[in-house]
Amino acid sequence: MDLFWRLRRPAAPASTRAPEPESEPPPETGPEDGPKRLSLGLQGGGAHGAFEWGVLDRLLEDERLRLCAVTAASAGAMNAVALAAGLAEDGPGGARAKLERFWRGVNQAGGRNVFGDSAFWTAALNPGWLRANPFFRRVEPLMLAASPYEFNPFNLNPLHDVLVETVDFAQVRSAPLEVFVSATDVRESKLKVFVRAELTPEMVMASAALPYLFQAVEIEGRRYWDGGYLGNPALWPLIDGEGAPNDILLVTLNPFHRSQAPRTAGEIVDRLNEITMNASLSAELRTIAFVQRLIEEGQLTEQAKAQYRPMHIHAIDADHLLEDLSLSSKFNTEWSFLTGLKERGRKAADAWLAAHFDDLGVRSSFDVRGRFE
């Protein structure tokens with residue numbers, strides 16, 4: 001129930017607190033006095049992060065919105081720093097261009113681009129059919145017997161090069177957007193949240209270091225794995241501190257709900273991965289739902305009412321928008337696949353704006369209590 005106490009108004013702990021602003025932050029605004037202020041929560045999910053690219057691309061077009069903060073993990077963290085650097089460089093237009101440049105770099109680093117866009121053949125030879133093969137299912141455990149320290153002793157990671165070539169971290173650190181990046185402390189089994197003012201490429205790579213694929217990233221003597229295990233994304237940085245928007249828009253990449261239960265070995269592994277990567281977010285949303293119920297039912301004392309604030313939770317979730325995609329597609333870097341996901345994200349954001357823009361600053365449009373309490 002730690003998040004319950006973080007719904008209070010005091011600022012964040014010193015270890016994760018963003019630098020104090022030079023002046024008082026502007027108050028919440030409505031349509032009559034300026035853009036509506038919004039925080040974002042971006043999940044990780046490999047190439048499926050291109051869906052978030054589309055969501056961000058559409059939100060950046062809307063002059064009625066002001067993006068104030070983003071908390072993210074893994075691929076979401078990549079999107080977050082590209083967004084921040086682009087905003088610092090040239091406003092919303094610069095952010096849109098920066099995100100496209102980043103995802104084009106991901107595509108070109110994928111290795112298949114030299115042969116042109118082979119998306120048709122990729123679809124025909126999707127690893128899904130291979131995973132259902134009985135022989136593959138027998139040898140799959142052997143694939144996990146080798147660690148990334150053995151099969152990649154030089155710790156080569158083309159994604160690092162894409163990130164460094166695309167994103168100027170000096171711009172990230174000076175961006176008009178708070179950024180919080182989650183990573184998992186391997187030895188302590190604790191969540192670490194890196195803040196905008198200290199962000200480096202290594203911190204973002206730590207947030208995306210899947211332990212079966214990449215070596216743990218060492219930062220100041222500590223080793224980190226993918227942030228999705230303990231904060232996918234971490235919501236409490238968006239709640240701590242004075243002046244933070246009351247509205248949080250979550251963009252999820254791992255479906256909470258599946259229409260059918262898994263049956264094959266591959267499907268079971270895929271679903272277990274989704275559940276694991278959603279576990280920390282589920283716990284935080286359950287705590288938020290609990291606090292909201294206490295507020296709505298008037299169970300807080302007058303003194304407590306002055307200390308807690310209702311949060312407005314919104315979501316563009318993967319339950320129906322990405323349910324048709326398998327775990328293996330998170331490694332698909334074909335340009336047509338990435339731009340297809342971007343278009344899905346744009347359409348999803350457009351539909352959300354049409355249906356729920358008026359809810360911003362007023363109420364939640366995502367039924368947190370119904371889903372998680």
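This report walks through the fold, confidence, salt bridges and surface of a predicted model.

## Overall picture

Let's start with the chain as a whole. Its secondary structure comes to 16 helices and eight strands. Of the 373 residues in the protein chain, 51% count as buried. If you look at contacts between residues at least 6 apart in sequence, 79% of them join residues at least 24 apart.

The accessible surface of the protein chain is about 17800 Å². Carbon and sulfur atoms account for 55% of that surface.

The mean pLDDT of the protein chain is 83, with 79% of its residues reaching 70 or more. Two stretches call for some care when you browse the model. Residues 1-32 have pLDDT below 50, and this stretch has 64 contacts in the model beyond near neighbours in sequence. Residues 112-131 also have pLDDT below 50, and here the model shows 29 contacts beyond near neighbours in sequence. Where pLDDT is low, the predicted coordinates should not be read in detail.

## A buried strand

Five of the five residues in β8 (residues 312-316) are buried, so the strand is largely enclosed by the rest of the structure. His312, His314 and Ile316 point one way from β8, while Ile313 and Ala315 point the other way. Residues on both sides of the strand are buried.

The partner to look for is strand β7 (residues 247-251), which runs parallel to β8 and is joined to it by five bridges. Within this pairing, Leu249 stands opposite His314 of β8.

## Salt bridges across the chain

The structure holds 19 salt bridges. One of them pairs Glu61 with Arg346, whose closest N and O atoms are 3.2 Å apart. Glu61 sits in helix α2 (residues 49-61) and Arg346 in helix α15 (residues 335-356), so this pair ties together parts that are 285 residues apart in sequence. Glu61 counts as partly exposed, at 33% relative accessibility.

Arg222 and Glu188 form a salt bridge as well, at 3.9 Å from N to O. This pair also links distant parts of the chain, 34 residues apart: Arg222 belongs to strand β6 (residues 222-226), and Glu188 to the loop between β3 (178-185) and β4 (190-195). Both ends are partly exposed, with a relative accessible area of 38% for Arg222 and 42% for Glu188.

## A local pair and a network

Asp359 and Arg363 form another salt bridge, with the closest N and O atoms 2.6 Å apart. What is the relative accessibility of Asp359, and does the residue count as buried or exposed? At 12%, Asp359 counts as buried, whereas Arg363 is partly exposed at 43%.

Elsewhere, salt bridges that share partners join Asp57, Arg58, Glu61, Arg96, Arg346 and Asp350 into one network.

## A nonpolar patch on the surface

To finish, turn to the outside of the model. Tyr212, Leu213 and Phe331 form a nonpolar patch on the surface, and together they have about 340 Å² of accessible area. Tyr212 lies in the loop between α10 (201-207) and β5 (217-219). With a relative accessible area of 55%, Tyr212 is exposed.

Definitions and conventions:
Residues numbered from 1 in each chain as written. Predicted model: local features only at pLDDT ≥ 70, side-chain atom pairs only at ≥ 80, totals over all residues. Heavy atoms only, no water. Salt bridge = Lys/Arg side-chain N within 4 Å of Asp/Glu carboxyl O. Helix = DSSP H or I, 4+ residues; strand = E, 2+ residues; numbered from the N terminus. Buried < 20%, exposed > 50% of the residue type's maximum accessible area, 1.4 Å probe, protein only. pLDDT = per-residue confidence, 0-100. Contact = heavy atoms within 4.5 Å. Pairing = 2+ DSSP bridges. Areas by Shrake-Rupley, 256 points an atom, 1.4 Å probe, with all protein chains shown as cover. Patch = residues over 30% accessible without salt bridge, like charges linked within 9 Å, V, L, I, M, F, W, Y side chains within 5 Å.
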